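Have the sequence and the 3D view open, and try each task before you look at its solution.

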Amino acid sequence: MSKFGKKKKGLPAVNTAALPDIVFMLLFFFMVTTTMRETELKIQTPKLPSATEVKKLEHKSLVSTIYVGKAKTEKQGKGDKIQLNDKIATAEDVPAFILNERTLVSEAEIPFMTVSIKADKKSSVGTISDIKLKLRDVNALKLSLSTQKGSEIKQ
Amino acid sequence: MARRENPEINAGSMADIAFLLLIFFLVTTTMDVDSGISKKLSEKPPKDFVPPIIKERNIFEVNINGNNELLVENEAMKLKDLKAAAIKFIDNGGGEGKVEDGVSTGPCTYCKGEKDPSSSDHPNKAVISVNTNRVTEYETYVLVQNELLKAYSELRDRLSNERYGISFKALEAAYLDDKKNEDLKKKVEDIRTSYPQIISDTEPKSN
């Protein structure tokens, strides 16, 4: 009996003091590597349409994003708004935007550059078409219509 | 005595707090994977460009009006029927394929369609033309594109299963994993050219 009693007394608590350190390291890793969002949206966050036949966008550095959606405040006026970089722009500004994006990558990679259009599902095809025409003018022909990966249609 | 007055601080819950923060960051930040319908725009035509004449029977016309209603080949249609109609059109195989570099592709041997003389000749001649209105909702447009792509991928899957015993998606994925594999490349190219995706968008009408 005395033997058991002794053992109980001698059992040390496992030292978990290092556990928070490990978790904090993980935490910092995530805080540093993940991005909240690269550009601040000046328009309402587009509600993307959903589709099933989607392809993943690879090579993030070669993707330039054009946002299309409704204005956030009434001051900006009505209708579809196009956002390039951090500014609200018109379709006329698209070529300049693409040419600017092209300066950021090496020449060999230019043909692989993709334009991703993130448009709200309520926006009109006319606006998208205006952008497409402007993209064609500067020969930016690879396009991706950003969608959610959705389920089958209900209709 | 001194040891008794300074008991160890219990840091057991520290880990819990850190975990809470960690989970918060895991949930709120997104390493979001962008996905979308990929499209290739046509190049800007030169000024004196005369568009090639395409036979009426080889064009599958999809109209979307301002109220997001579909008119397919001059008949009103629901979105859910579009895929079947597109498959029927593409897979018709009612005539000769196009002549490329003097080599005729001949009639479509793998098509299982009705060989209707009023519908498309060959999958490589079948053009799907999507007409929209400027005020058409973008969502409808995307859904239509999606249905048309679905029609193509269904046909491609079918052919791929027949020829190589593997779905086209799996074949394509295998090729993406192993890009140097000439055999896979040939198979993917074969399926792609058998059912090329020819979807053209016309400029939207203003009303």
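A salt bridge is a side-chain nitrogen of Lys or Arg within 4 Å of a carboxyl oxygen of Asp or Glu. Keep in mind that this is a predicted model.

**Exercise 1. The interface around it**

Task: Describe the contact of chain A and chain B in terms of residues, area and salt bridges.

Solution: 
- Step 1. Chain A brings 53 residues to the contact and chain B brings 48 residues.
- Step 2. The size of an interface is often given as the accessible area lost when the parts come together.
- Step 3. Here the area buried between chain A and chain B is about 4,900 Å², and carbon and sulfur atoms give 62% of it.
- Step 4. On the chain A side, A:Glu53, A:Val125 and A:Leu145 lose the most area to chain B, together 14% of what that side buries.
- Step 5. The rule finds 4 salt bridges across this interface. One of them links B:Asp201 with A:Lys132, whose closest N and O atoms are 3.3 Å apart.

**Exercise 2. Bridges inside chain B**

Task: Look at the salt bridge of B:Lys112 with B:Glu162, then at that of B:Lys125 with B:Asp121, and say how accessible each residue is.

Solution: 
- Step 1. The side chains of B:Lys112 and B:Glu162 meet at 2.4 Å, N to O.
- Step 2. B:Lys112 lies in the loop between strand E6 (103-104) and E7 of chain B, and B:Glu162 in helix H4 of chain B, so the bridge ties together parts that are 50 residues apart in sequence.
- Step 3. Both ends are partly exposed: B:Lys112 has a relative accessibility of 49%, and B:Glu162 has 45%.
- Step 4. For B:Lys125 and B:Asp121 the N to O distance is 3.7 Å. B:Lys125 is partly exposed at 26%, whereas B:Asp121 is buried at 3%.
- Step 5. Shared partners join B:Lys55, B:Arg57, B:Asp121 and B:Lys125 into one network of salt bridges.

**Exercise 3. A nonpolar patch**

Task: Which helices supply at least two residues each to the nonpolar patch, and which gives the most?

Solution: 
- Step 1. The patch on the surface is formed by A:Leu19, A:Ile22, B:Phe19, B:Ile23, B:Leu26 and B:Val27, with about 530 Å² of accessible area together.
- Step 2. H2 of chain B gives the most, with 4 residues.
- Step 3. As an example, B:Ile23 lies in helix H2 of chain B and is partly exposed, at 47% relative accessible area.

**Exercise 4. The outline of chain B**

Task: How many helices and strands does chain B have, and is it spread out or compact?

Solution: 
- Step 1. Chain B has 6 helices and 8 strands.
- Step 2. Its radius of gyration is 27 Å, well over the 17 Å that the globule rule gives for 207 residues, so chain B is more spread out than a compact globule.
- Step 3. The C-alpha trace of chain B spans about 105 × 50 × 35 Å along its principal axes.

Terms used:
Residues numbered from 1 in each chain as written. Chains lettered and ligands numbered in written order. Predicted model: local features only at pLDDT ≥ 70, side-chain atom pairs only at ≥ 80, totals over all residues. Heavy atoms only, no water. Patch = residues over 30% accessible without salt bridge, like charges linked within 9 Å, V, L, I, M, F, W, Y side chains within 5 Å. Areas by Shrake-Rupley, 256 points an atom, 1.4 Å probe, with all protein chains shown as cover. Buried < 20%, exposed > 50% of the residue type's maximum accessible area, 1.4 Å probe, protein only. Rg over C-alpha atoms; globule rule 2.2 N^0.38 Å. Contact = heavy atoms within 4.5 Å. Buried area = accessible area lost by both parts, 1.4 Å probe.
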